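This report covers strand pairing, the ligand surroundings, and the pockets and cavities of one protein model. Please keep the sequence and the structure at hand while reading.

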Amino acid sequence: MGHVAAPTDLRFEHRTDDGPVLGIGTATPRLSWIIPAADPGFIQEAYEVELTRGGGASEVVRVASGEQVLVPWPAAPLTSRESAWVRVRVCGAGRWSAWSDPATVEAGLLRTGDWTARFISPRELGKLGAPAPVLRSTFDLPAAVVTARLYATAHGLYEATLNGCRVGDQVLAPGWTSYAHRLRYQTYDVTALVREGGNVLEVLLGNGWYRGRLGWDGRHAHYGDRLALLAQLEVTTSDGRVIRLGTDTAWTAGESGVLADDLYDGQRTDLRPRSGDRTGAVEVVEADLARLVAPDGPPVRVTQTLPATAVFSSPSGATLVDFGQNLVGWVRLRARDQAPGHEVVVRHAEVLEHGELGVRPLRTAKATDSYLLAGAPLEVLEPSLTFHGFRYAEVGGLPEVRAEDVEAVVVGSDLRRTGWFSSSDPQLDRFHENVVWGMRGNFIDVPTDCPQRDERLGWTGDLQVFAPTAGFLFDSAGFLSSWLADLVAEQRPNGSVPLVVPNVIDSPLSAAAAWGDAATLVPWVLYQRTGDVGLLARQLPSMRAWVDYIAGLAGVDRLWTGGFQLGDWLDPTAPHDAPFEAQADPDVVATAYLARSAEVVGLAAAVAGDADVAEKYARLAGEVRDAFAREFVTPGGRVLSDAPTVYALALAWALLPTDDQRHHAGDRLADLVRASGFRISTGFVGTPLIMDALTGSGHLEVAHRLMLQTGCPSWLYAVTMGATTVWERWDAMLPDGSINPGQMTSFNHYALGAVADWLHRTFAGLAPAAPGYRELLVRPAPVRSLTSASARHRTPYGDTEVAWQRSEGRLRLRVVVPVGAVATVHVPGRPEPVRVGHGSHTWQTVDPVEADRPLRAEATVRDVLDHEVTWRQVVAAATETGVVGDEAEAAARLQPFLDAPSSRLVDALALAPPGFAKGRRALHARLDHLLPP
Ligand code: BGC
């Protein structure tokens, strides 16, 4: 009894490095661990941390505590460069576990004064439009090397080599932050790359986000027009010396073979050996070193390579390569036996149109890489100072392209995968896979809207709706903590939040509901998913400032009305060139967000221990809710403007005062979904909430019909069209295979994939019930048409899983709870929930999902819509007889008749303006036997 396994996965802050955590940006990193197994009933009562600093004596600190996630650093703070070797053991009921494996953490350069290096820039070379510069230093080391670290960052992108070997495995370093306020530096262990005697450090600089093109207005050089490098090499030699070499004017500059590089436009590279290269001097550029920050999350890396699935000729004779997956990165190509100076050109696109690359959605981004070959028997062609969003590539200039000579290199922030979902429906699983790929392609140091066109910006609203899904699928805490620090840095003194973070667009719009609310809702989601109180407390002033600002805009009536809003962006009924013209009233959307954000600030203040502030914002939220109900809701429960999104908001965020109103609003929402033929009719705002609103108001079956719909528009429609990522528009590709004519037509936008969070929490049934998943709420929602679903998540406490399976009238449920957590489990069909501790639990019950029942005799038109089998026959008959064009039209015609007896269905269907539709008689003949008389 009382056995507990040794802790594993010792982590520092939110870093997920394999191996030593170098260059951490705090002197007191918080610790977390997982307890992989323990006897039932084990409860951690104490832990011990053993720390050994810099190879010296160790100390053991004992703490009486049940915490295992983000516990405080238990010893004296680290100093810059100091490392500690740490291990942990835990105790419950007087029994200690074995020690965990040790983990190493090393502080970065914590004080500005630790930098002796200065930013240097080539004096003549490397101007905008000139070849990418290489900065070079040669140096001697007087003795053998014991340890060596390189600290580096740049204005622009940098790629370092030491004695010809690439330093680190990051790409697109230093990544993108709000450079004017925060610039990340990286720490590399280069012990194996330097040596006694002569050494060469060379660093290639690219334009990247700093000086390349950003935004759709063609502007370059948002942050400055000079590339610059800051690098500091620190070597400890065997004779005990510490040698520090920093960028200074002794460095030289040269020109690389990279003739042009831009994130949007691509890279042009001359691979011929360089003779008589131009060299030049460098000079120190003044730059504020107080902006330097250490990374909170993982760097951008190559995370995978994908082979070509097909190479073929287009109708115009171009050579096209299909990688079978819409992805983000670049193409790696092998060329053989070409003449020196021969040109190869690679263009990219996400889709084909009329058999050719569909490049119109890229707008002005050229997304073209080109090479002037060296003329070697075998050359590997690959850029590194750009990235593209693509599934297809067109290769020009090679007489033959063999599939084995070309591959796609996937790049992105190297986030640790933490969440999985699967079901018995392959289309649903493909949709989920598309959500995962959408995140992989758009979490490139900054959470972006899209990765392919002349945009790729950190749109706040997109992330706001996607954050819960992101937090489940990948360990996003460090990544988003950094992005939120940028949001704070760019928030204006009046509290307004830019539309994009980092902010590179000049928008007259000072406050957009759902976009600016990223300031409040993203920290709250992160707190829910990670339990990080410190992060929440850090964000609280920013959260308050945003709410104060929008409360000011709302004024005394507490209604946030008037002014331009992005609103329920990309509602499928909005004209393709006016994505903000949604069915949902923008004032209703804005006021709902004000209520939600005020409420969240109140909750966050309570967590941070500030009762007065908590009270103040809770009161504000209450006032806004009252105003919302007074102004926008009828006593009966209709919500202005009677669109699914306004009901989704009102129900999901408890904006309706009475049970009656809630009840009616839920019914109304379900009827609107029925009347749309179970097709989606929400945009960015309603889409993440509609499933919760339907489920929470007792319309689970309607929710399932909406989720599993494959007609256009719907989540699965894109899957039926061969999508491998989530699209920006419900109909980015139209049913006839042509590309939506809208200006904004990305095939890789994560926002509408936000419903995956519902799949995890509700459909599979794995939800957090206390911060960090310390308590789980397991409440699966099985459906008739599927026989199984499961979700798996690596929580801060360890692995958890919920899996349900239906067969032969039985339902089996399996729940895995990690040590340190508890779960409340609602076994489907059982009246009372059960509470269980850690371990694996299974239940078997009678399958509560009703078998297909016959339509009852007194069925209404609504009942017919709800009866999937009958409804399908009705739609088939109505379309085949020419009474309606499709399911959506049939459902829309029936909307006014939902309460009518089903005997009136045919006449209702045939009652088309103007007058009577043709085919009524034929439809009667087809349906009379089917519907109750
Ligand atoms: C982006 C969206 C974004 C929107 C807001 C678009 O161009 O791609 O995802 O949220 O603009 O205006």
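Which residue in strand 44 is the bridge partner of R812? The partner is Q844. The model in which this pair is found is a predicted one.

## The antiparallel sheet with strand 44

The R812 and Q844 pair belongs to the contact between strand 41 (residues 810-817) and strand 44, which run antiparallel and are joined by 8 bridges. Both strands are part of an open sheet of 5 strands, arranged in the order 34-39-40-41-44 with antiparallel pairing. The edges are taken by strand 34 (419-423) and strand 44 (839-846). Each of these two has a single partner strand, so one of its sides has no neighbour in the sheet. With direction ignored, neighbouring strands of this sheet are turned against each other by 5 degrees on average.

Strands of a sheet are held in pairs through backbone hydrogen bonds, in either a parallel or an antiparallel arrangement.

Strand 37 and strand 38 (residues 775-778) run antiparallel and are connected by 3 bridges. Within this pair, A767 has L777 in strand 38 as its bridge partner.

## Partners of strand 16

Strand 16 (residues 197-206) pairs with strand 10 (residues 133-141) in the antiparallel sense, over 8 bridges. In this pairing, F139 lies opposite N199 of strand 16.

Strand 12 (residues 157-162) also pairs with strand 16 in the antiparallel sense, here over 6 bridges. The residue of strand 16 that stands opposite A160 is V203.

## Around the ligand

An N or O atom in the side chain of E455 is 2.6 Å from an oxygen atom of the ligand. For the side chain of H749, the distance between such an atom and a ligand oxygen is 2.9 Å. For the side chain of W515, the corresponding distance is 3.0 Å.

## The second largest pocket

The second largest pocket holds about 1,100 Å³ of space. It is lined by 50 residues, and those closest to its centre are T16, D17, D18, G19 and P20. Two or more lining residues come from each of strand 1 (8-12), strand 2 (21-24), strand 8 (103-107), strand 15 (186-189), strand 24 (300-307) and helix 4 (477-490).

Which element gives the most to this lining? Strand 1 does, with 5 residues. By residue class, the lining of the second largest pocket consists of 22 nonpolar, 14 polar and 14 charged residues.

## Cavities

How many cavities of 30 Å³ or more does the model contain? The count is 5. The largest cavity has about 250 Å³ of space. Among its 22 lining residues, R11, D475, A477, T530 and P796 are the closest to the centre. Helix 5 (518-530) and strand 39 (788-795) are the elements that give two or more residues to this lining. The lining of the largest cavity is made up of 6 nonpolar, 9 polar and 7 charged residues.

The second largest cavity has a volume of about 90 Å³. Its lining has 13 residues, of which S714, W715, A718, V726 and W727 are the closest to the centre. Helix 2 (426-442) and helix 13 (715-720) each contribute at least two residues to this lining, and helix 13 has the largest share, with 4 residues. The lining of the second largest cavity divides into 9 nonpolar, 3 polar and 1 charged.

Key
Residues are numbered from 1 along each chain as its sequence is written. This is a predicted model: local features need pLDDT of at least 70, side-chain atom pairs count only at pLDDT 80 or more; totals for chains, interfaces and linings use all residues. Side-chain values use heavy atoms; hydrogens and water are left out. On a 1 Å grid over the protein atoms alone, a cavity is a set of points where a 1.4 Å probe fits but cannot get out, and a pocket is an open set with protein on both sides within 12 Å along at least five of seven lines; lining residues have an atom within 4 Å of a point. Grid points are joined across faces, edges and corners, and a volume is the space filled by probe spheres set on the points. Ala, Val, Leu, Ile, Met, Phe, Trp, Tyr, Cys and Pro count as nonpolar, Asp, Glu, Lys and Arg as charged, and the others, Gly among them, as polar. Two strands pair if DSSP finds at least two bridges between them. A polar contact is a pair of N or O atoms within 3.5 Å; within protein, one must be able to donate a hydrogen and the other to accept it, and residues adjacent in sequence count only if both atoms are side-chain atoms. Axes are lines fitted to C-alpha atoms, for helices over the stretch in contact, and angles run from 0 to 180 degrees between N-to-C directions.
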